[in-house]
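Morning, everyone. Let me put the model up, and then I'll walk you through it.

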Amino acid sequence: MTSRFSFRTLAVGAWLLTSTASALAAQCGTGTFESWLDDFKKEAVAKGISQNAIQAGLNGVTQDKAILARDHSQQVFSQTFEQFSGRMVPPRLNRGSDMMKRYGSVLSRIEEAYGVPGEILVAIWGLETDFGVNTGKFPTLRSLATLAYDCRRSDMFKAELMDALRIVERGDLAPQEMRGAWAGEIGQTQFMPSSYIKFAVDFDGNGKRDLLHNVPDVLASTANFLKSYGWKKGKGWEPGSENFAVIQQWNKSEVYAKTIGYFATQLAKAP
């Protein structure tokens, strides 16, 4: 439908929205965490998030100093491919083969829809959370609010916190369900909330995009992510290929990406 608004009207409206959001913007590290969170709630309202979602997601949320300690003490990943793949793949290979069989029909439908083979999806699933066993224990909204208040990467985590509230608003997950890794990754293949909003799909048609409990949604959403970054159907994933570059959009570490590919190749050879 063609808009009746002139470009000038749209520009003025955009300026007013931006000015309002800027005036309400919660400033990292200033004042108490509680006052920052109050400002963030106002900013969320200005960005169109409902009061119900804001109250459900953020009421009672407190700062977690242990999250800051983890963030500030991150170490550079230093394992070689041989070390990392040798530690991660062999203990997961039999279970991965079982998952290929258990979800064979789902994986076939996903490959038909998105072009991504089941071996790649199951490899990612196994490496990220041991096939959904270890999704993380940290309350997602608390972790994101803590990291957003801290000035190290405030803008990034404020945006992720907004998207976490959007997950609550559209009914995919309840706030109390949202537990994951310490930096806000959530679900059986560890999506940041922004990726959850962009790529999560309701593959089984039950009305929710549930990446914590629903395996078809988990695997299809992971495939949707890879397809969106240019996965080439029917092509290989060896280092240097276009599909390997797509795997590196999942995880930029060459060692991790090579391990996904290696795991997938072993699954393809499994009886």
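Which residues does L226 touch, not counting residues up to four places away in sequence? L226 touches V116, I120, L121, I124, W231, V246 and W250. Contact here means heavy atoms within 4.5 Å.

Some ground rules. This is a predicted model, where local features need pLDDT of at least 70, side-chain atom pairs count only at pLDDT 80 or more, and totals for chains, interfaces and linings use all residues. Residues are numbered from 1 along each chain as its sequence is written, and side-chain values use heavy atoms, with hydrogens and water left out.

Back to L226. It belongs to the largest nonpolar core, which has 81 residues. W36, I110, I120, L226 and I260 touch the most other members. A nonpolar core is a set of buried Ala, Val, Leu, Ile, Met, Phe, Trp, Tyr and Cys residues joined through side-chain atoms within 4.5 Å. Buried means under 20% relative accessible area, exposed over 50%, partly exposed in between, with a 1.4 Å probe and protein chains only. In soluble globular proteins, nonpolar side chains tend to be buried together.

Next, the largest pocket. Its volume is about 1300 Å³. A pocket, on a 1 Å grid over the protein atoms alone, is an open set of points where a 1.4 Å probe fits, with protein on both sides within 12 Å along at least five of seven lines; lining residues have an atom within 4 Å of a point. Grid points are joined across faces, edges and corners, and the volume is the space filled by probe spheres set on the points.

Who supplies the lining? Helices α5 (81-88), α8 (118-129), α10 (154-169) and α13 (242-250) each give at least two residues. Helices (H or I, at least four residues) and strands (E, at least two) are DSSP runs, numbered from the N terminus. By class, the lining has 16 nonpolar, 12 polar and 7 charged residues. Ala, Val, Leu, Ile, Met, Phe, Trp, Tyr, Cys and Pro count as nonpolar, Asp, Glu, Lys and Arg as charged, and the others, Gly among them, as polar.

Stay with Q190. It sits in the loop between β2 (179-180) and α11 (193-199). Q190 is buried, at 16% relative accessible area. D130 also has a positive phi, near 55°. That one lies in the loop between α8 and β1 (138-139).

Now helix α13, and N243 within it. N243 is buried, at 1% relative accessibility. A polar atom of its side chain lies 2.7 Å from the backbone nitrogen of K232. Beyond four places in sequence, N243 touches G230, W231, K232, K235, G236 and W237.

S143 next, in helix α9 (residues 140-149). S143 is buried too, at 2%. A polar atom of its side chain is 3.3 Å from the backbone oxygen of W182. Leaving out residues up to four places away, S143 touches I67, F138, A181 and W182.

Last one, R87 in helix α5. Is it buried, partly exposed or exposed? R87 is partly exposed, at 45% relative accessible area. Outside four places in sequence, R87 is in contact with Q79 and R92.

Technical notes
A polar contact is a pair of N or O atoms within 3.5 Å; within protein, one must be able to donate a hydrogen and the other to accept it, and residues adjacent in sequence count only if both atoms are side-chain atoms.
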